[in-house]
Amino acid sequence: MAEILKGAPVAAALTDELAGRAAALSARGVTPTLAIVRVGERPDDLSYERAALKRADKVGFAVRQFVLPDNCSQDELMTAIDEVNHDDSIHGCLMFRPLPATLDEADACAALDPAKDMDGITAGSLYGVFANRPVGYAPCTAEAVVCLLDHYGYNLCGADVTVVGRSLVIGKPVSMMLQARNATVTMCHTKTRDLAERCRQADIIVVAAGHPGTLRADAVRAGQIVVDVGINWDETAGKLVGDVAYDEVEPVVAAITPVPGGVGSVTTAVLAKHVIEAAEKVLHE
């Protein structure tokens, strides 16, 4: 039976550390502050926003919400982003995506100051990830994968890691972050030939393809660690499932993350980490 790599202990440990750092900032007259920019009332955005607010209470940072209707204009959105950029009391920003099709998402992302980009949506932040430079912040979910592996004591140096997925949200940035930790990374996707064979060769498999059942029993072997980043709604089962066929894979491998309760539960803790880091940078400038 595989070790179940739950996210809650990872998030709790990080939250405890961050609460101390937030208290230290407060003692010096700095209130770490996150701006949330949300357009419309998408249920997944609202769910994540509630989770972020709960994490803010636990860590001890403030949140300012910039909520716009889903029929807002591009100018209204850009005005909100400009206000965030120029308000020195705001240390970071989380802008929910995707934006409504009537808005230019690329322009909105480009307008955000990378120094306040808490979720790796700007070109500057992605440059920081790909060049391993301290510019902006990595996408929270990608960083959550690395935090989870660190917490459970897996040595990334020299490890063979296969990443299934190539998005700029998870697949590509997590590949760069793992390489920065001296892992040897193979990037794959759903069109990769002999995907199962490539996965079987890895020590660690990170699955972020966005399709349930991407990784099945034929793609794993004993001793592997499997990190499932997928979040999918299974209509038949009436529940959330990952990209991994959990019931098939769990009996084979050494360790696996559950869905829900795995990587996703670490994401808001990483968001909080970015807010605290941004406030600390401002204090020390």
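1. Let me open with a term: a salt bridge here is a side-chain nitrogen of Lys or Arg within 4 Å of a carboxyl oxygen of Asp or Glu. By that rule the structure holds 15 salt bridges. Please keep in mind that this is a predicted model, in which local features need pLDDT of at least 70 and side-chain atom pairs count only at pLDDT 80 or more, while totals for chains, interfaces and linings use all residues. Residues are numbered from 1 along each chain as its sequence is written, and side-chain values use heavy atoms, with hydrogens and water left out.

2. Helices (H or I, at least four residues) and strands (E, at least two) are DSSP runs, numbered from the N terminus. Glu 49 is buried, at 5% relative accessible area, and Arg 38 is buried too, at 6%. For these labels, buried means under 20% relative accessible area, exposed over 50%, and partly exposed in between (1.4 Å probe, protein chains only).

3. Two further salt bridges sit within helices. Glu 197 pairs with Arg 200, with 2.5 Å between the closest N and O atoms. These two are three residues apart in helix α8 (residues 195–200), so about one helical turn separates them. Glu 197 is partly exposed at 35% relative accessibility, and Arg 200 is partly exposed at 27%. In helix α10 (residues 264–284), Glu 277 and Lys 273 are four residues apart, again about one helical turn; their closest N and O atoms are 2.9 Å apart in a salt bridge. Lys 273 counts as buried, at 17% relative accessibility. As background, an α-helix has 3.6 residues a turn, so residues three or four places apart point the same way.

4. Do also have a look at Glu 17, Arg 21 and Glu 280, which salt bridges link into a network.

5. Next, the sheet. Six strands make an open sheet with parallel pairing, in the order β1-β11-β8-β7-β5-β6. Its edge strands are β1 (3–4) and β6 (184–188), each of which pairs on one side only. Two strands count as paired if DSSP finds at least two bridges between them. β1 and strand β11 (residues 255–256) run parallel and are joined by two bridges, and Ile 4 has Ile 256 of β11 as its bridge partner.

6. Strand β8 (residues 225–228) is covered on both faces: Ile 225 and Val 227 on one side, and Val 226 and Asp 228 on the other, are all buried. Four bridges hold the parallel pairing of β8 with strand β7 (residues 204–207), where Ile 205 stands opposite Val 226. Two bridges join β8 to β11, also in parallel, and Val 226 has Ile 256 as its bridge partner in β11.

7. Helix α6 spans residues 140–151. Its twelve residues reach 16 Å from first C-alpha to last, close to the 16 Å expected at 1.5 Å a residue (the expected span being 1.5 Å times one less than the number of residues). Nine of the twelve are buried, among them Cys 140, Glu 143 and Cys 147.

8. On to the pockets. On a 1 Å grid over the protein atoms alone, a pocket is an open set of points with protein on both sides within 12 Å along at least five of seven lines, and lining residues have an atom within 4 Å of a point. The largest pocket has a volume of about 1,300 Å³, where volume is the space filled by probe spheres set on the points, joined across faces, edges and corners. It is lined by 43 residues, and Tyr 48, Thr 141, Ile 231, Gly 264 and Thr 267 lie nearest its centre. Helix α2 gives the most to this lining, with nine residues.

9. The second largest pocket has a volume of about 380 Å³. Of its 21 lining residues, Val 129, Asn 132, Ala 138, Glu 143 and Met 177 are the closest to the centre. α5 (123–131), α6, α7 (171–180) and α10 each supply at least two residues of this lining.

Note on methods:
On a 1 Å grid over the protein atoms alone, a cavity is a set of points where a 1.4 Å probe fits but cannot get out, and a pocket is an open set with protein on both sides within 12 Å along at least five of seven lines; lining residues have an atom within 4 Å of a point.
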